[in-house]
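User: I have a structure to go through for class. Could we look at the sheet, the helix and the aromatic rings in turn?
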Amino acid sequence: MTCIATSFSHFGAIRFKQLCGSRGWKARLMPVPRTLSSSCGTCVQFECSAPEFCPSPEVPEEIEQIVEVLPDSYRELYRAEEI
């Protein structure tokens with residue numbers, strides 16, 4: 001499945017990309033699609049068999065949301081809790 005993770009900072013996006021790499025998932029940094037909101041404008045598109053980490057303590061605190069990419073839309077898998 002193809003997913004996109006948006007983050008609150010560029011550092012958060014880079015850190016999440018490294019987390020994906022440590023799991024053996026193909027991942028790349030890219031601009032956030034216009035229909036998704038992001039604080040920093042950079043996101044990580046990644047491929048995984050199942051988003052078993054959503055939600056979990058493994059999601060870095062810098063991650064704003066994680067969505068699954070569908071043919072014509074997105075399905076939210078994780079959203080950071082507002083404090």
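Analyst: Let us begin with a definition: two strands pair if DSSP finds at least two bridges between them. Please keep in mind that this is a predicted model.

User: Which residue in E4 stands opposite Ile4?
Analyst: Val67 in E4 is the residue facing Ile4. The strands concerned are E1, residues 2-7, and E4, residues 63-69, which pair in the antiparallel sense over 5 bridges.

User: And what holds paired strands together in general?
Analyst: Strands of a sheet pair through backbone hydrogen bonds, and the pairing is either parallel or antiparallel.

User: What is the order of the strands in the sheet?
Analyst: The order is E2-E3-E1-E4-E5, in an open sheet of 5 strands with antiparallel pairing. Strand E2 (27-31) and strand E5 (74-79) are the edge strands, as each pairs on one side only. From one strand to the next, the twist averages 25°.

User: Which helix packs on the sheet, and which strands does it touch?
Analyst: Helix H1, residues 10-22, packs there and touches E1, E2, E3 (42-47) and E4. The direction of H1 makes about 15° with that of E3.

User: Let us turn to Phe16. Is Phe16 buried or exposed?
Analyst: Phe16, which is found in helix H1, is buried, because its relative accessible area is 1% and buried means under 20%. The C-alpha atoms of Phe16 and Thr6 are separated by 9.4 Å, and these two residues are 10 residues apart along the chain.

User: Now the rings. How many aromatic pairs are there?
Analyst: The count comes to 2 aromatic pairs. One of them is formed by Phe16 and Phe46 and is edge-to-face, with 5.3 Å centre to centre and 65° between the planes. This pair links distant parts of the chain, since Phe16 is in helix H1 and Phe46 is in strand E3, 30 residues apart.

User: What about Trp25 and Phe46?
Analyst: Trp25 and Phe46 form a stacked pair, at 5.8 Å centre to centre and with 15° between the planes. Trp25 lies in the loop between H1 and E2 while Phe46 lies in strand E3, so the pair ties together parts that are 21 residues apart in sequence.

User: Are these two residues buried or exposed?
Analyst: Phe46 is buried, with a relative accessible area of 0%. Trp25 is also buried, with a value of 14%.

User: Which residues do the ring pairs link into a cluster?
Analyst: The cluster consists of Phe16, Trp25 and Phe46, linked by ring pairs.

Technical notes: Residues numbered from 1 in each chain as written. Predicted model: local features only at pLDDT ≥ 70, side-chain atom pairs only at ≥ 80, totals over all residues. Heavy atoms only, no water. Helix = DSSP H or I, 4+ residues; strand = E, 2+ residues; numbered from the N terminus. Axes fitted to C-alpha atoms, helices over the stretch in contact; angles between N-to-C directions. Contact = heavy atoms within 4.5 Å. Buried < 20%, exposed > 50% of the residue type's maximum accessible area, 1.4 Å probe, protein only. Phe/Tyr/Trp six-rings, centres within 6.5 Å; stacked < 30°, edge-to-face > 60°.
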